[in-house]
Amino acid sequence: MEPVTTTSYIVLGIALFMLLNSAALAVYAERRVAAFIQNRWGPNRVGPYGLFQPIADVVKLLLKEDVTPARGFKTIHAIAPMIPVFTALMTVAVIPFGDGLYATDINSGVLYILAINSLGVYGITLGGWASNSKYSLLGGLRAAAQMISYELPMGLAVASCILFAGSLSFIDVVNSQEVWWNVIRNPIAAVIFIVTAFAEANRTPFDLPEAEHELVGGYHTEYSSMKFGMFFLAEYMHVVVGSMLITTFFFGGYHLPFAGLWLPEMGVTAKAILDVSVFVLKTVFFAFLFIWVRWTIPRFKYNQVMKLGWKRLLPISIFNFLGLAVIVYFWHHYIA
Amino acid sequence: MFENYLPIAILAGVAVVLAILLMTLSRVLGPYRPNKTKLDPYESGMDPVGDAANRYSISFYLVAIAFIVFDVEVVFVYPWAVSYLDFGPGTLVSMIIFILELYVGLIYLIKKGALDWDLKKGMFN
């Protein structure tokens with residue numbers, strides 16, 4: 001493990017700032033892409049190309065009345081929206097953005113990410129329960145069942161990446177992909193991870209917790225003002241964080257394809273700029289994929305969501321993991 | 001070794017402060033004019049009927065219980081995946097047996113219909 005230096009804190013500060021901004025940008029991007037797909041304009045009045053629309057939205061949310069339902073549990077109702085924001089922000093600490101550009105390198109980074117990610121379910125479930133409204137409760141329950149179900153295939157898909165890295169540190173996970181990205185060595189797990197990332201972020205086609213035609217607003221029916229805004233921002237932060245994790249685990253992090261074979265030696269600054277650009281480009285692509293899918297694929301029924309999670313993805317990920325473990329073992333001991 | 005966790009602790013502090021700040025801002029800046037109708041739970045414009053803490057499907061509990069079992073399996077897999085190359089074939093075989101045993105459990109759950117959410121097929125429908 002590399003020690004923490006001043007660079008780490010600078011990277012942490014910039015990453016945090018960029019994540020907060022990227023959530024706002026993702027909201028804007030979603031509305032523009034949705035408009036593009038549906039052949040209309042989208043927000044284009046506030047600022048150039050409507051770029052200041054997210055700022056106007058946040059100001060509007062801040063000036064709205066904060067309603068707490070009289071029959072609800074007031075403390076939990078107030079704490080619940082903080083949890084998804086907290087979990088989304090906490091993930092940037094261990095993600096490497098470039099060679100040597102990360103906030104901290106801990107030898108349990110992957111476990112840390114999984115733990116933090118699975119905390120997110122509390123925010124949504126508690127929010128739904130504390131509102132003491134039928135729609136909210138159903139949305140919260142659905143979210144709980146769905147998010148824990150998809151955590152299992154996600155965990156096994158990540159575990160099959162660990163087989164190649166041989167370490168739980170994100171730095172090693174990324175460096176193990178310098179020549180072969182995990183998506184090439186392990187395509188089934190990559191697909192499973194992308195699908196589960198959609199389900200964990202509660203994005204269409206898995207947005208059952210807030211299916212508006214059956215549950216009004218789902219778990220945030222009773223939320224207004226910035227409390228709703230925090231659920232909303234957290235959803236987009238989870239989109240960005242999910243894209244970062246897809247990039248890091250399966251698409252080589254900051255490495256160009258087969259970079260170990262052809263990329264020449266470079267100065268520190270040039271390498272840093274290249275790494276960060278490559279990482280950001282990949283992240284933007286996957287964030288775009290999240291939005292693209294949302295406006296293309298209709299929502300599943302709940303029994304289909306559960307069937308996909310437990311009867312398809314979980315067995316596939318179990319056998320994918322076991323098969324890879326055997327192949328890597330024999331490769332390591334008898335061929336390489 | 002523990003100083004590597006210092007940025008995470010700082011980040012946790014910043015995240016909590018940020019979350020509380022956003023919430024306090026909307027409390028301070030927004031109006032506050034409650035009335036009884038506004039504070040009632042939303043039920044599509046009708047007067048709310050009964051309490052929300054009603055009975056709901058047992059399937060949610062079943063999924064949660066099944067999750068615990070398989071989540072423990074996944075947690076066991078991680079330290080094994082990090083270091084199994086350093087050991088002999090026995091480690092590989094024992095993990096395969098362990099996972100397959102749990103897989104038999106998953107098949108049992110599916111055959112019992114515990115994970116069926118379809119209307120007529122499920123265990124309790």
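Here is a short chat about a predicted model with chains A and B.

User: Let's start inside chain A. Which residues touch the most other members of the largest nonpolar core?

Analyst: This core has 123 residues. Its largest share, 15 residues, comes from helix α6 (residues 134–165) of chain A. Apart from it lies another core of nine residues, including A:Val121 and A:Phe231. In the largest core, the residues that touch the most other members are A:Phe249 and A:Phe321.

User: Leaving aside neighbours within four places in sequence, what is A:Phe249 in contact with?

Analyst: Sequence neighbours within four places are set aside here. What's left is A:Val110, A:Val158, A:Cys161, A:Phe170, A:Val173, A:Gln177, A:Asn182 and A:Phe193.

User: Now A:Ser160 in helix α6 of chain A. Is A:Ser160 buried or exposed?

Analyst: Contacts first: leaving aside neighbours within four places in sequence, A:Ser160 is in contact with A:Asn186, A:Ala189, A:Asn320, A:Phe321 and A:Leu324. The cut-off for buried is under 20% relative accessible area. A:Ser160 has 0% relative accessibility, so it counts as buried.

User: Which side chain does the side chain of A:Ser160 make a polar contact with?

Analyst: A:Ser160 lies in helix α6 of chain A. Its side chain makes a polar contact at 3.0 Å, and the partner is the side chain of A:Asn186.

User: Over to chain B. How far does helix α1 (residues 6–29) of chain B reach from its first C-alpha to its last?

Analyst: This helix has 24 residues. At 1.5 Å a residue, the expected reach is 34 Å. The model comes close to that, with a reach of 34 Å.

User: Which helices of chain A do the buried residues of α1(B) pack against?

Analyst: The buried residues of α1(B) include B:Ile8, B:Leu11, B:Ala15 and B:Met23. Their packing partners in chain A are α1 (6–37), α2 (53–62), α3 (74–79), α4 (82–90), α5 (109–130) and α11 (225–250).

User: What is the area buried between chain B and chain A?

Analyst: Here 71 residues of chain B are in contact with 83 residues of chain A. Carbon and sulfur atoms give 74% of the buried area. The total is about 6800 Å².

User: Which side chains meet in a salt bridge between the two chains?

Analyst: The rule finds 12 residue pairs in polar contact across this interface. α1(B) gives the most to the side of chain B that touches chain A, with 18 residues. The salt bridge count between the chains is one. At 3.1 Å, N to O, the side chains that meet are those of A:Asp66 and B:Arg27.

Conventions
Residues numbered from 1 in each chain as written. Chains lettered and ligands numbered in written order. Predicted model: local features only at pLDDT ≥ 70, side-chain atom pairs only at ≥ 80, totals over all residues. Heavy atoms only, no water. Core = buried A, V, L, I, M, F, W, Y, C linked by side-chain atoms within 4.5 Å. Buried < 20%, exposed > 50% of the residue type's maximum accessible area, 1.4 Å probe, protein only. Helix = DSSP H or I, 4+ residues; strand = E, 2+ residues; numbered from the N terminus. Contact = heavy atoms within 4.5 Å. Expected span 1.5 Å × (residues − 1). Buried area = accessible area lost by both parts, 1.4 Å probe. Salt bridge = Lys/Arg side-chain N within 4 Å of Asp/Glu carboxyl O. Polar contact = N/O pair within 3.5 Å; in protein donor to acceptor, adjacent residues only side chain to side chain.
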